[in-house]
Amino acid sequence: CKEINGVDVFYNEVTYKFVPPNYELTEEDKQNMERPDYEISYGSDEVEIMVNTGISFVKGQKGYNMFCWDGDMTTEEWFMIAEELIQ
């Protein structure tokens, strides 16, 4: 979390593992699921790992949430976008 002009901006990064319906969890999967930044999602045709990053904040009566899949933006770049929107 970073405060920008009196607004708390939250950065979020979560790793998602998409798996087929019949996928059996590995020991590594079970360990990873203990982390708050890791999710397994059933229903994919094949195993695929993607990282979701983004920011969220509330300014006045409006909430803002921006994210991307497998993006290359740094945490600071996300905060720069938030700063532009807040100003």
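These legends accompany close-up views of a predicted model.

View 1. Beyond its neighbours within four places in sequence, Ile55 is in contact with Val9, Phe10, Tyr11, Tyr64, Asn65, Met66, Trp78 and Ala82.

**View 2. The pair Ile55 and Ala82.** Along the sequence, 27 residues separate Ile55 from Ala82, while their C-alpha atoms are 7.6 Å apart. Residues up to four places away in sequence being left out, Ala82 touches Ile4, Val9, Ile55 and Phe57.

**View 3. The largest nonpolar core.** This core has nine residues: Ile4, Val7, Val9, Ile55, Phe57, Trp78, Phe79, Ala82 and Ile86. Two or more residues come from each of strand S2 (7–19), strand S4 and helix H2 (75–86). Helix H2 gives the most, with four residues. In soluble globular proteins, nonpolar side chains tend to be buried together.

**View 4. Glu27 in helix H1.** Helix H1 covers residues 27–32, and Glu27 lies in this helix. The relative accessibility of Glu27 is 55%; because this is over 50%, Glu27 counts as exposed. Glu27 and Met73 are 46 residues apart along the chain, with 31 Å between their C-alpha atoms.

Notes: Residues numbered from 1 in each chain as written. Predicted model: local features only at pLDDT ≥ 70, side-chain atom pairs only at ≥ 80, totals over all residues. Heavy atoms only, no water. Contact = heavy atoms within 4.5 Å. Buried < 20%, exposed > 50% of the residue type's maximum accessible area, 1.4 Å probe, protein only. Core = buried A, V, L, I, M, F, W, Y, C linked by side-chain atoms within 4.5 Å.
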